[in-house]
Amino acid sequence: MAAEPLDQDQPGWVEALRAGDPAAFEQLVRTQSGRLLSVVRRILHNEDDAREAVQEAFISAFRARAQFNGEARVSTWLHRIAVNAALMKLRRRRRQPEDSIEDLLPRFLPNGAHVEQFVAWNEPADVALSRAETREFIRNAIDKLPETYRTVLLLRDVEGLSNDEAAEMLGITPNAVKIRLHRARLALRRLIAPHFQGAAS
Amino acid sequence: MTCREVSEFLRAYVMDELGADLRVTFDAHIAECSNCRAYLQQYQETRELGVRVFAQTDATADAPHELVDAILRSLATLER
């Protein structure tokens, strides 16, 4: 079932959803499950967990249906619920001791100057991402980030949540989100740099 | 401002959250330091790559039929 646009603008649709109309929910499940599965797969590495998270997201959405006011797109509303379901699963899972991010951060001399020399990457992001191999490389690099940082980068940069939304979902302060996001990007830069330095001419 | 401080302010800079005074000293450092200019460019591109690297996966996403059926079954039990 390919993701299709929802008839959210059709009269009565939001009311049907809020009333728990089975047909409205069936349409949601049929049109949105694939997209939501892609979303939770990015957060969870295990396919069974990802499928469970999508199922749990629809159950949560059904239970919270009265809170949907039609101001946001229903796809956005479901997206947030699915991200939250995936995060809850991630939290419930046994945490392994996390690698430190320090080794992936920039290094400085005592006078505050960079230890390393940098050269701007020549290739714009859209050109680089037109190659499947580069997309795969970057996705793998994101997976290598320590969990705390990977999650924040996914929520903010990939899923497009606001700083406050991410803070609320993760149960941390907005300022902590900013710090983690910054370190996550610095670390990701280091992980992907070899790929782009090779491409620089 | 040192390269280390520039690195710490990169996020605020690209999000346009730097105060006016900091922005002036940040820009002054960037204007003189080619290494920090290159680092800033790499940081911005890293962010953009993160934002766009999954962009194509969602549009074509299909859910397995058994998942769709399982969700519909579990919703049906809630409706009762």
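Helices here are DSSP runs of H or I at least four residues long, numbered from the N terminus. With that in hand, here are some close-ups of a predicted model.

**View 1. A:Arg18 sits in helix α1 of chain A.** This helix covers residues 13-18 of chain A. A:Arg18 counts as partly exposed, because its relative accessibility comes to 37%. Look past its neighbours within four places in sequence, and you'll find A:Arg18 in contact with A:Arg65, A:Ala66, A:Phe68 and A:Asn69. The side chain of A:Arg18 reaches the backbone oxygen of A:Ala66, at 2.8 Å. As for A:Gln67, 49 residues separate it from A:Arg18 in sequence, yet their C-alpha atoms are 7.8 Å apart in space.

**View 2. Here is where chain B and chain A meet.** Chain A brings 57 residues to the contact, and chain B brings 45 residues. The size of an interface is often given as the accessible area lost when the parts come together. For chain B and chain A, the buried area is about 4800 Å², with carbon and sulfur atoms giving 63% of that.

**View 3. A:Lys178 and B:Glu17 pair up in a salt bridge.** Their closest N and O atoms are 3.5 Å apart. The interface of chain B and chain A has 2 salt bridges by the rule used here. Polar contacts link the chains too, with 15 residue pairs counted between chain B and chain A, both residues at pLDDT 80 or more.

**View 4. Helices of chain B line up against chain A.** α1 (3-14), α3 (34-52), α4 (55-59) and α5 (65-79) of chain B each supply at least two residues of the side that touches chain A. The most comes from α3(B), with 15 residues. Sort that side of chain B by class and you get 23 nonpolar, 10 polar and 12 charged residues.

**View 5. B:Cys3 and B:Cys36 are in no disulfide.** Over all chains, the count of disulfides is 0. For B:Cys3, the nearest cysteine sulfur is that of B:Cys36, 3.6 Å away.

Conventions. Residues are numbered from 1 along each chain as its sequence is written. Chains are lettered from A and ligands numbered from 1 in the order in which they are written. This is a predicted model: local features need pLDDT of at least 70, side-chain atom pairs count only at pLDDT 80 or more; totals for chains, interfaces and linings use all residues. Side-chain values use heavy atoms; hydrogens and water are left out. Contact means heavy atoms within 4.5 Å. Buried area is the accessible area (1.4 Å probe) that two parts lose on being put together, summed over both. A salt bridge is a side-chain nitrogen of Lys or Arg within 4 Å of a carboxyl oxygen of Asp or Glu. A polar contact is a pair of N or O atoms within 3.5 Å; within protein, one must be able to donate a hydrogen and the other to accept it, and residues adjacent in sequence count only if both atoms are side-chain atoms. Ala, Val, Leu, Ile, Met, Phe, Trp, Tyr, Cys and Pro count as nonpolar, Asp, Glu, Lys and Arg as charged, and the others, Gly among them, as polar. A disulfide is a pair of cysteine sulfur atoms within 2.5 Å. Buried means under 20% relative accessible area, exposed over 50%, partly exposed in between (1.4 Å probe, protein chains only).
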